[in-house]
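Please examine the model displayed below. The paragraphs that follow lead through it region by region.

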Amino acid sequence: MDEILKNLPKQAADLHKEHKKFFVKLKKKPPKHLDTMMQDIHDAEFERTDCLKCANCCKTTGPLFTDKDVYRISKHFRMKEQQFIETYLKVDEENDMVLKSVPCTFLGADNYCSIYDIRPKACREFPHTDRKKFHQISDITLKNVAVCPAAFNIVNEIKRRIEG
């Protein structure tokens, strides 16, 4: 896994223009059964991929925290929401609440998340490759292929299936 993660940013960068061009075409004319195809590819990839061996998303990026996330997680820690925000979060340049630092505060040395059952929505949905209307989130997907080996493989597979 270390070797894959070491090479992933360069592989993603090498294919960035190609992927971007693919997504532009996909947005203009998405195939009829794109969501079903994406779900199949996503499911197949995550049968092979063990996130606990990787956790690169938790080590290199921080999720966005919604108000609901803050409420749920602060309640879990028996903290006031404002105290949770001041302790763990900051407001970024896009006015979103994100972690103050990465790797994620809640990630253990064993790659397990200490708040897994109540983790933020962004973490539960990452890498967003099984989302409905997948073609509408190309910007985030292009970022995620440089972070998540599974997302990289999923994008390459959907591209292969559509372009032949």
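In this predicted model, L64 stands opposite V98 in strand β3. The pairing of β1 with β3, which covers residues 97–99, is antiparallel and extends over 2 bridges; two strands count as paired if DSSP finds at least two bridges between them.

Residues are numbered from 1 along each chain as its sequence is written. Because the model is predicted, local features need pLDDT of at least 70 and side-chain atom pairs count only at pLDDT 80 or more, whereas totals for chains, interfaces and linings use all residues; side-chain values use heavy atoms, with hydrogens and water left out.

Contact here means heavy atoms within 4.5 Å.

A pair of aromatic rings is described by the distance of the centres and the angle of the planes. Rings of Phe, Tyr and Trp (its six-membered ring) pair if their centres lie within 6.5 Å; planes under 30 degrees apart count as stacked, over 60 as edge-to-face and the rest as tilted. The structure holds 9 aromatic pairs. One of them is the stacked pair of F77 and F106, with 5.7 Å centre to centre and 20° between the planes. This pair links distant parts of the chain, 29 residues apart: F77 is in the loop between α4 (67–76) and α5, and F106 is in the loop between β3 and α6 (121–125).

How exposed are the two partners? F77 has a relative accessible area of 29% and is therefore partly exposed, whereas F106, with 4%, is buried. The limits are under 20% relative accessible area for buried, over 50% for exposed, and partly exposed in between (1.4 Å probe, protein chains only). F106 has a further partner in F84: the ring centres are 6.5 Å apart and the planes stand at 10°, so this pair is stacked as well. Here too distant parts of the chain are linked, since F84 belongs to helix α5 and F106 to the loop between β3 and α6, 22 residues apart. Both F84 and F106 are buried. Together, F65, F77, F84, Y88 and F106 form one aromatic cluster.

Another aromatic ring has a charged neighbour. R119 lies over the face of Y116, at 3.7 Å from the ring centre; a charge sits over a ring if NZ of Lys or CZ of Arg is within 6 Å of the ring centre and within 35 degrees of the ring normal.

A disulfide is a pair of cysteine sulfur atoms within 2.5 Å, and the structure holds 0 disulfides. Both cysteines are partly exposed, C57 at 24% relative accessibility and C58 at 25%.

L52 occupies the loop between α2 (34–48) and α3 (56–60). With 33% relative accessibility, L52 is partly exposed. Not counting residues up to four places away in sequence, L52 touches D110, N111 and Y112.

The backbone has some features of its own. Most residues other than glycine have a negative phi, and most peptide bonds are trans. A cis peptide bond, with omega about 0°, joins V102 and P103, and P103 is in the loop between β3 and α6. The bond from F126 to P127 is also cis, with omega near 5°; P127 is placed in the loop between α6 and α7 (138–144).

R78, although not a glycine, has a positive phi of about 55°. R78 is located in the loop between α4 and α5 and is exposed at 80% relative accessibility. N95, likewise a residue other than glycine, has a positive phi near 70°. N95 lies in the loop between β2 and β3 and is exposed, with a relative accessible area of 65%.

Technical notes:
Helix = DSSP H or I, 4+ residues; strand = E, 2+ residues; numbered from the N terminus.
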